[in-house]
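This report describes a single protein chain, going from one residue and its surroundings to the chain as a whole. Please read it beside the sequence and the coordinates.

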Amino acid sequence: MSLKYAVLAALLEGEASGYELAKRFDASVANFWTATPQQLYRELDRLEGEGLLTARVVEQQRRPNKRMFRITESGRLALRDFTAAPTRPPSVREDLLVKVQAVDAGDTESVIAAIEERMEWSRAKLARYDRLRARMLAGRDEDEYLRTVERVGPYLTLMRGRGHEQENLRWSEVVLAILRERSGVADCSDPRLP
């Protein structure tokens, strides 16, 4: 998939400047697609050139003018075609998994440290996703939210992001227990240890 469709999908939330779109990506799209601000700006220009979005200039005092982007009907049709096209199976290319695969010939303590670091990243992402979920629900229970919200897609992708990080944590705990047992490395997070 190209960045093109992730940008168009993010603009379904409404008109946004490049800066606002970058923040939107960080807050809601980052659980399944990442892009740098530079990549976003290049893609916005390209999509405007293809007629998939329009831009208007908003004049500002004491600040540079900003461009506000909105998805066009052609952009909506492109998203419709994209959602109708067959989906390719995902591919996993992760250096941590190569390290775990090679742990028997490698430095077990370094692999354990890498897994512990990944767990911290997963916990931080999960906490961010949980804050976003609370904002989305705004005091409603999930069933009510899903029945009444206008656009369900952002919540469904958030659920996937949360599930992914929860699974990362479960897998990491199992792998750490096995590696520690095999190598005799103590669990430093165990409060029973001195």
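Val111 is found in helix 6, where helices are DSSP runs of H or I with at least four residues, strands are runs of E with at least two, and both are numbered from the N terminus. This is a predicted model, in which local features need pLDDT of at least 70, side-chain atom pairs count only at pLDDT 80 or more, and totals for chains, interfaces and linings use all residues. Residues are numbered from 1 along each chain as its sequence is written, and side-chain values use heavy atoms, with hydrogens and water left out.

With a relative accessible area of 6%, Val111 is buried; buried means under 20% relative accessible area, exposed means over 50%, and partly exposed is in between, for a 1.4 Å probe and protein chains only. Apart from neighbours within four places in sequence, Val111 is in contact with Lys99, Val100, Val103 and Leu179, contact being heavy atoms within 4.5 Å. Between Val111 and Glu142, 31 residues apart along the chain, the C-alpha separation is 38 Å.

## The largest nonpolar core

A nonpolar core is a set of buried Ala, Val, Leu, Ile, Met, Phe, Trp, Tyr and Cys residues joined through side-chain atoms within 4.5 Å. The largest one has 20 residues, and the members that touch the most others are Val7, Leu8, Leu11, Leu21, Phe25 and Leu44. Helix 1, helix 2, helix 3, strand 3 and helix 4 are the elements that give two or more residues to this core. The biggest contribution, six residues, is from helix 1. A second, separate core has 13 residues, among them Val111, Ala114, Leu126 and Leu169. In soluble globular proteins, nonpolar side chains tend to be buried together.

Leu21 is in contact with Val7, Ala10, Leu11, Ala16, Leu40 and Leu44, again leaving aside neighbours within four places in sequence.

## Helix 1 and its cover

Which residues of helix 1 are buried? They are Leu3, Lys4, Tyr5, Ala6, Val7, Leu8 and Ala10. Helix 1 spans residues 3-10 and is mostly covered, with seven of its eight residues buried. The elements that cover these buried residues include helix 2 (18-29), helix 3 (37-49), strand 3 (66-71) and helix 4 (73-84).

## Residues in loops

Two residues other than glycine have a positive phi and sit in loops. Arg62, not a glycine, has a phi of about 65 degrees. Arg62 lies in the loop between strand 2 (53-58) and strand 3 and is exposed, with a relative accessible area of 86%. For Ala138, phi is near 45 degrees, also positive in a residue other than glycine. The loop that holds Ala138 runs between helix 6 (108-137) and helix 7, and Ala138 counts as exposed at 56% relative accessibility.

Glu150 is located in the loop between helix 7 (142-148) and helix 8 (153-183). Glu150 counts as exposed, because its relative accessibility is 78%. Its C-alpha is 22 Å from that of Ser17, a residue 133 positions away in sequence. Phe32, in the loop between helix 2 and helix 3, is partly exposed, with a relative accessible area of 41%. Phe32 and Asp141 are 109 residues apart in sequence, and 24 Å separates their C-alpha atoms.

## The chain as a whole

The protein has eight helices and three strands, in the order α-β-α-α-β-β-α-α-α-α-α along the sequence. The radius of gyration is 21 Å, whereas a compact globule of 194 residues would have one near 16 Å; the value is taken over C-alpha atoms, and the globule rule is 2.2 Å times the number of residues to the power 0.38. Along the principal axes, the C-alpha atoms fill a box of roughly 65 × 45 × 40 Å.

Of the 194 residues, 31% are buried. Among contacts with a separation of 6 or more, 57% are between residues 24 or more positions apart. The accessible surface is about 13,100 Å², and carbon and sulfur atoms account for 51% of it; areas come from the Shrake-Rupley method with a 1.4 Å probe, and for residues only the protein chains shown count as cover.

There are 32 positive and 31 negative side chains, and the centres of the two sets lie 5 Å apart. Lys and Arg count as positive and Asp and Glu as negative, while His and the chain ends are not counted. Each charge is placed at NZ of Lys, CZ of Arg, CG of Asp or CD of Glu.
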